[in-house]
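Please examine the following model with its sequence at hand.

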Amino acid sequence: MNNSPYFLQPASVQSVMLRVLLALIPGIAVYVWFFGAAILVQIALASVTALLAEAAMLKLRGKPVMMFLADGSALVTAWLIALTFPPIAPWWLTVVGVLAAIVIAKHLYGGLGQNPFNPAMVAFALMIVAYPSLMSQWPAVGFTEFLPQWQAIFGPRQLDAITMATPLDALRTALHTADARATVAGVLGSSASFGNIGGKGWEWVAAGYCVGGIYLLQQRIITWHMPAAFLATLFVISGGFALYDPTRFVGPSFHLFTGGAMLGAFFIVTDPVSGCTTPRGKLIFAAGIGLLTWIIRTFGAYPDGIAFAVLLMNIAAPLIDMNTQPPVFGHKRKAGGRP
Amino acid sequence: MTDPLEIARRESSVLRISVRTAAIMLAFTLIFTAMMAGTYKATEPLVAASALAEKLRLIAEVLPPAQHDNDLMKDAITLAPVPALGLDSDTRLWRARKGGAPVALVMEAGARDGYSGRISLILAVAADGRLLAVRVTAHKETPGLGDYIDPKKDRNKARPWITQFNGLGFDAVPREKWRVKKDGGKFDQVAGATISARAVTNASGRALAWAVENSDRLFALPADGRFETQGGKP
Amino acid sequence: MSAYKDIAWNGLWKQNSILAQLLGLCPLLAISTTFVNAVSLGLATILVMMLANFAISALRALIPYEIRIPVFILIIAALVTVVDLAFNAFLHDLYLVLGIFIPLIVTNCIVLARVEAFAAKNGLRAATFDGLMMGVGFVWVIGLLGAVRELVGQGTIFSGIEMIFPTLTGIQVLSEDYPGFLIAILPPGAFFVLGLLIAGRNWIEARANQRRLEKRLHDHPSSANAASA
């Protein structure tokens, strides 16, 4: 479909990035509706930090600042960080995360196009390991009042009243106790944070991201390979285990519509720089992320597994690409070797 | 070092070379083993003293040494595996007395329902049925999240989480309230890391109940005796 | 005397066991959580390296070439055991912290590497000095790593010093409210900081090379042109 060495539609980085930002808007709108405007504060904070850091690094590296700054890639990273962090995270958590993404994960590796790891996921992994408790405090469902959220971000923190664990976290925590009475059905029925399909509210945010993803597909900014392979793998594995033991493993709708699955499928896994480039490679890459995400979510210690899964597959991406190069036209396969 | 070619020229038979090499290897082994053995002998008393001091320091964290006047190491008994304490092997239980009167029992306990693996505890139970203190001696909880059960990792230095059990008995906190608040009990937990707190709280409650129930028999047993759990193994 | 200067320069910078040769990373990454831990393990490593280089240089005439590696390992293992027992006896608290990593000095490739590459071919004084300098090269890097990780991770420096000098205490450098960048103390943090240190060394080396080239260009324009062409 698109394994030709030329672009079907020669698009500038800037126009691609702008359309990615546009595609995020439906998801963000639903997010604000269910969880309040705090996420907008975080997006603004992340954007300003990212642009300043990007400008500083470009200047240090002796690159034309305005030209690269305008490409919008720093903004996409900033928005993704804001959307994966808790909306009521203290301001410095977001700022440090963005700095780590732009300075370390992006520019120390050579800037846009050179980074082996997805910068937004580096930020998430770094901060969740460094501050697991702050990164696990999410606003309670339906708590959209702006002032306490603003105070949680900038002021003295009075958290407990307005925070709770994410549905994914709550479910895993409940199932993780030695208390054998906890079952998926029991846990899902017991808490207000679970909706009909996934996490309450989160299922609609995920649907919003899905709409944006379809727009990106239609615009040919991403191809179907990665989202399809990622979501299908997650679906098949979680479905299989849920059939095997529905009391201990939660079903696919929960996995797909909770946490960062939809955001990941269309906006994170599809990162063109740190992922695979061959069509077959893309399928393997994204399926690997799906598999690892399920494993880490089910057996791991941290609230969501997508970031770690993406980073692990980023390491494997060059190897996958090397082994999935389509044969050059007119050349026969060499005996005994893979093409 | 000797050139291999030169050896071959000087010594005619392969056998002789092998024997010579083996003898040298043996000599080195003997000399350096003797050196290790000598050091071991020389440091043995110091090492034993350090190990004892370490054990006493651990006990002193739950039971201040001033509260008793007997030698704990001499007044200890062996516990057969006690399911109520979460123990599945033999452990030691130390008995503190002052002027011969029972003061407290110091014992180990474990919780298997921590977030990742077993949490090992040491606790002291006073003769009047109060839990003097409990400490975590080993755990694998998530760094920065569940590890506040260890006062060294607790960010609240002034009043670490685990000190809230100090001096409480079932008269102050009824048995059914000896739980974390999330489970309807009395004890605090840190939001987002309930499992670790729940494991320690429940384990200390079980251990306290067991100690209160068996206190008289534990104190009465002769030193170095062995305590078999009632209704335990047939 | 310049031979000794070379030995020192090699150990401290040019052939630095960590920054240049990347040897002995396992204890380096595992123990450098605080400055005191790091330097303590580093000092134990210096001791072992000096003793091993000394012993093997002294015995080198007696060691047949064919079995040199087993004999080297035997000697190193025996010396490490002695150091381990000494730590257990005299610095018990520290011994509990360093734990398995003292016995693991045996497996630190840098010890065997120096014994094989240097001590087996050089005289007593030079060999012992080489052990010292390689060890010091290890200590300053592991110490720096430990200091950075401790400061960033928990905002203190010298914490745990009371295990060695009971009268001293650690210093709280950053405010008590500093939330602690936990990842610096966890294993990933060790890799991050080490990566930055190695990058720093490469940067300094690259700049030095650049300056040398410019100097040569300045002194002998023709030869430099020839070289670059």
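Which residues does Thr94(A) touch, not counting residues up to four places away in sequence? Thr94(A) touches Gln42(A), Leu45(A), Ala46(A), Phe85(A) and Ala89(A), where contact means heavy atoms within 4.5 Å. Thr94(A) belongs to helix α5 (residues 91-107) of chain A; helices (H or I, at least four residues) and strands (E, at least two) are DSSP runs, numbered from the N terminus. With a relative accessible area of 1%, Thr94(A) is buried. Here buried means under 20% relative accessible area, exposed over 50%, and partly exposed in between, with a 1.4 Å probe and protein chains only.

This is a predicted model, in which local features need pLDDT of at least 70 and side-chain atom pairs count only at pLDDT 80 or more, while totals for chains, interfaces and linings use all residues. Residues are numbered from 1 along each chain as its sequence is written, chains are lettered from A and ligands numbered from 1 in the order in which they are written, and side-chain values use heavy atoms, with hydrogens and water left out.

Chain A is divided into domain 1 (9-164) and domain 2 (193-327), with bounds that come from an automatic or database domain assignment. The centres of these two domains of chain A, taken over C-alpha atoms, are separated by 20 Å. Their contact takes 34 residues from domain 1 of chain A and 29 residues from domain 2 of chain A. For chain B, the assignment gives domain 1 (4-48) and domain 2 (64-227), and the C-alpha centres of these domains of chain B lie 52 Å apart.

The nonpolar cores come next. A nonpolar core is a set of buried Ala, Val, Leu, Ile, Met, Phe, Trp, Tyr and Cys residues joined through side-chain atoms within 4.5 Å. The largest such core has 86 residues, of which Leu24(A), Tyr31(A), Leu83(A), Tyr209(A), Phe230(A) and Phe267(A) touch the most other members. The largest share of this core, 11 residues, comes from α6(A). Because domain 1 (9-164) and domain 2 (193-327) of chain A both give residues to this core, it lies between them. Leu83(A) illustrates the packing: leaving aside its neighbours within four places in sequence, Leu83(A) is in contact with Leu24(A), Ile28(A), Tyr31(A), Ile39(A), Ile43(A), Tyr209(A) and Leu263(A). A second, separate core of 51 residues includes Leu23(C), Leu74(C), Val83(C) and Phe101(C).

Where do enclosed spaces occur? The structure holds three cavities of 30 Å³ or more. On a 1 Å grid over the protein atoms alone, a cavity is a set of points where a 1.4 Å probe fits but cannot get out, and lining residues have an atom within 4 Å of a point. Grid points are joined across faces, edges and corners, and a volume is the space filled by probe spheres set on the points. The largest cavity has a volume of about 340 Å³. Of the 23 residues that line this cavity, Thr84(A), Trp138(A), Gly259(A), Gly260(A) and Asp304(A) are the closest to its centre. Its lining divides into 17 nonpolar, five polar and one charged residue; Ala, Val, Leu, Ile, Met, Phe, Trp, Tyr, Cys and Pro count as nonpolar, Asp, Glu, Lys and Arg as charged, and the others, Gly among them, as polar. Domain 1 (9-164) and domain 2 (193-327) of chain A both contribute to the lining of the largest cavity, so this cavity lies between them.

Several helices of chain A each supply at least two residues of that lining, among them α4 (73-84), α10 (202-218) and α13 (261-268). The most comes from α10(A), with four residues. As for α13(A), eight of its eight residues are buried, including Met262(A), Phe266(A) and Ile268(A).

Chain C has nine helices and two strands. Of its 229 residues, 47% count as buried. The C-alpha atoms of chain C fill a box of roughly 60 × 55 × 30 Å, taken along the principal axes. In the loop between α1 (2-14) and α2 (25-31) of chain C is Leu22(C), which has a positive phi of about 55° although it is not a glycine. Leu22(C) is partly exposed, with a relative accessible area of 42%.

Methods:
On a 1 Å grid over the protein atoms alone, a cavity is a set of points where a 1.4 Å probe fits but cannot get out, and a pocket is an open set with protein on both sides within 12 Å along at least five of seven lines; lining residues have an atom within 4 Å of a point.
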